[in-house]
Amino acid sequence: MTVNELKHTGLKKWIEEACTLMSPDTVEVCNGTQEEYDRMIQITVDTGLATPLNPWLLPGCVLFRSDPSDVARVEARTYIASQSQQDAGPTNNWVDPDTLKKTMSELYRGSMKGRTMYVIPFSMGPIGSNIAKIGVQITDSPYVVANMHIMARVGTKVLDVLGADGFYIPCFHSVGKPLGPGEQDNGKWPCAPIEKKYISHFPETREIWSYGSGYGGNALLGKKCLALRIATVLARDEGWLAEHMLILKITNPKGEVKYITGAFPSACGKTNLAMLVPTLSGWKVETVGDDIAWMKPGPDGRLYAINPEAGFFGVAPGTNMDSNRNAMETIRRNTIFTNVALTEEKTVWWEMIGYDAPGKLIDWTGKEWIQDKNNKEQKPAAHPNSRFTGPAKQCPAIAKEWEDPAGVPISAFLFGGRRPKTIPLVNQAKSWIHGVFMGSIVGSEVTAAALDVKAGTIRRDPFAMLPFCGYHMGDYFKHWLNIGKQNTEKLPKIFFVNWFRKNAAGKFIWPGYGDNSRVLAWIFDRCDGNGKFVDTPIGILPTPDAIERPAGVSETDMAEILSVDIEGWKAEIADVRKNHYPKFGDKLPQELDDELDAIEKRLNA
Ligand code: OXD
Ligand code: MN
């Protein structure tokens with residue numbers, strides 16, 4: 001389809017303006033067909049950016065290696081450009097929107113020279129669902145087009161729903177590397193230097209402008225930019241929730257079903273939990289989503305969730321047949337790998353894939369790599385943030401209702417993080433406000449010393465939304481409290497879980513992975529008012545015999561991870577009071593301050 005054939009006059013005008021600014025050689029409106037996907041992949045193969053993988057072992061799969069400056073989300077270059085700085089809040093970078101647009105317009109000027117501008121109409125959520133939203137991304141990256149084909153619903157069917165005057169979120173994207181006459185990428189991943197990368201959000205006008213990066217969350221604008229940062233603003237204004245949450249379906253041995261969502265900071269095993277294979281006999285877990293949940297009250301007053309995405313953009317290292325069999329099965333075909341290592345057989349390998357490197361590899365930087373297990377300093381063959389982009393429909397554990405436009409009714413919210421001490425295995429909130437308090441203090445131990453934070457310290461990441469909330473986090477807490485004022489008896493129950501407690505020797509006490517089903521079973525029962533419990537100063541905990549112990553966990557271990565560490569909790573409360581809550585200034589809702597006082601009082605009683 002050509003731009004002239006578009007029915008939506010606003011969209012047509014927006015594309016024409018973008019063309020004038022960015023000067024692409026040609027423009028193509030994406031139709032979302034397999035032919036189009038195959039053509040995008042072929043272009044990247046022809047320009048030396050993609051390596052086709054072994055068609056017998058990994059049919060339909062390709063490997064990309066990005067530029068070393070373009071391997072992850074760039075939080076320091078991510079902006080919430082609201083009219084007033086106060087609205088972006090203390091946890092976001094802010095620039096005045098007019099200033100930012102001026103700066104970025106200069107960068108966009110001529111940025112697509114020598115390239116094709118692709119126009120990708122996409123739906124976040126099943127097409128036509130009343131929870132779904134439409135976006136239109138323009139991009140000069142065929143890699144992005146192919147990834148968007150997997151991660152969202154794209155093409156003509158979206159334009160049909162948009163009609164002549166429907167609402168869409170306009171998303172600009174350019175890798176920021178125009179080509180001279182006759183020039184080609186020639187195997188060099190196109191992007192701009194770090195100081196020219198901008199991932200910008202304009203919450204009032206619902207716009208996204210991204211420049212200079214071709215990677216993941218910076219470039220696949222439906223995901224973090226639209227489905228979280230812009231969607232949080234829409235959700236606040238329209239009375240729903242846009243959250244960094246997995247969605248799972250759990251069935252008990254009697255065949256009864258519940259749906260649970262869970263928010264965990266990055267690198268806490270969210271994808272693994274969404275796809276877990278229970279070790280508890282008779283129980284079943286299926287996947288609805290692994291990263292984002294959009295939830296709206298349904299006609300019966302319950303909250304209904306959809307997964308706005310259509311694929312998984314998962315971290316490869318650490319994914320193996322034990323940690324996540326379902327993910328491994330999902331990515332056996334039609335998958336895009338980025339920055340993993342290549343084997344001589346033209347398959348993929350990464351650290352902790354479950355077996356040693358099979359011979360000589362090409363690492364993510366394109367160099368020869370031979371595994372040397374005696375060399376503790378050896379750099380990894382796959383980048384630690386290397387990824388797979390795989391279609392959700394290929395997941396063996398995908399729930400049959402994962403594309404139900406009405407969504408699935410949620411019974412429980414989980415919050416969690418990596419907490420080696422103090423935080424018990426599972427803790428049910430006593431009330432909605434207590435649950436919001438739990439979400440507001442989510443924290444996770446910093447494991448990689450690469451961050452500007454000392455390894456071993458706790459980085460607070462409220463609701464696992466720190467990099468993803470499009471407005472002031474204090475107002476976001478208030479929004480959560482407001483949601484709790486409606487249909488109170490139908491609201492999901494809230495739980496805090498912690499799979500990462502360590503013993504005195506520094507070893508994990510709880511095995512995690514499939515054994516987390518034991519905790520989910522208790523949560524399931526608590527949603528019906530069942531399950532053995534004790535009421536404690538910090539919340540409702542299981543009795544030590546309420547959760548069936550997995551192999552290797554002794555009675556003493558269980559008592560330890562289900563105990564109330566009074567002194568640890570006093571320190572936790574003191575840390576929240578001194579270092580965390582003051583960040584939100586007078587936007588911190590009084591209810592949360594009161595909750596802090598109430599818990600402290602109970603701990604001192
Ligand atoms: C992600 C993240 O990539 O949370 O999903 O960082
Ligand atoms: Mn995420």
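**Reading a ligand site and a strand**

Me: A polar side-chain atom of Arg73 lies 2.8 Å from an oxygen atom of ligand 1. What makes that pair a polar contact?

Reply: The cut-off is 3.5 Å between N or O atoms, and the Arg73 pair lies at 2.8 Å. Keep in mind that this is a predicted model.

Me: Which distances from ligand 1 do His244 and Ser266 show?

Reply: For His244, a polar side-chain atom is 3.2 Å from an oxygen atom of ligand 1. For Ser266, a side-chain N or O atom is 2.8 Å from an oxygen atom of the ligand. The protein buries 86% of the 200 Å² that ligand 1 exposes when taken alone.

Me: Which residues surround ligand 1?

Reply: List the neighbours, then sort them by class. Arg73, Lys224, His244, Ser266, Asp291, Arg387 and Phe468 surround the ligand. The shell has 4 charged, 2 polar and 1 nonpolar residues.

Me: Now the metal. Which protein atoms are donors of the manganese ion (ligand 2)?

Reply: Look for N, O and S atoms within 2.8 Å of the metal. Here the donors are NZ of Lys224, NE2 of His244 and OD of Asp291, lying 2.2 Å from the manganese ion. Their spacing in sequence is K-x19-H-x46-D.

Me: Why does the pair His244 and Asp291 tie parts of the chain together?

Reply: Check where each one sits. His244 is in the loop between β11 (241-243) and β12 (245-251), and Asp291 is in the loop between β14 (284-289) and β15 (293-297), so the pair links parts 47 residues apart in sequence.

Me: Are His244 and Asp291 buried or exposed?

Reply: Both His244 and Asp291 are buried.

Me: Next, a strand. Which residues of β16 lie on each side?

Reply: In a regular strand the side chains alternate between the two faces of the sheet. In β16 (residues 303-306), Leu303 and Ala305 take one side, while Tyr304 and Ile306 take the other. All four are buried, so both faces are covered.

Me: Which strands pair with β16?

Reply: Count bridges, then read the direction. β15 and β16 pair in the antiparallel sense over 4 bridges. β16 and β24 (residues 408-416) also run antiparallel, joined by 2 bridges. Follow Tyr304 in β16: Lys296 is its bridge partner, and Pro409 in β24 stands opposite Tyr304.

Me: What lies between β15 and β16?

Reply: The two strands form a hairpin with 5 residues between them. Gly301, in the turn, has a positive phi of about 85 degrees.

Note on methods
Residues are numbered from 1 along each chain as its sequence is written. Chains are lettered from A and ligands numbered from 1 in the order in which they are written. This is a predicted model: local features need pLDDT of at least 70, side-chain atom pairs count only at pLDDT 80 or more; totals for chains, interfaces and linings use all residues. Side-chain values use heavy atoms; hydrogens and water are left out. Donors are N, O and S atoms within 2.8 Å of the metal (3.2 Å for Na, K and Ca); water is not among the atoms, so sites may look incomplete. Buried means under 20% relative accessible area, exposed over 50%, partly exposed in between (1.4 Å probe, protein chains only). Two strands pair if DSSP finds at least two bridges between them. A residue is near a molecule or strand if one of its heavy atoms lies within 4 Å of it. A polar contact is a pair of N or O atoms within 3.5 Å; within protein, one must be able to donate a hydrogen and the other to accept it, and residues adjacent in sequence count only if both atoms are side-chain atoms. Accessible areas come from the Shrake-Rupley method with a 1.4 Å probe; for residues, only the protein chains shown count as cover. Ala, Val, Leu, Ile, Met, Phe, Trp, Tyr, Cys and Pro count as nonpolar, Asp, Glu, Lys and Arg as charged, and the others, Gly among them, as polar.
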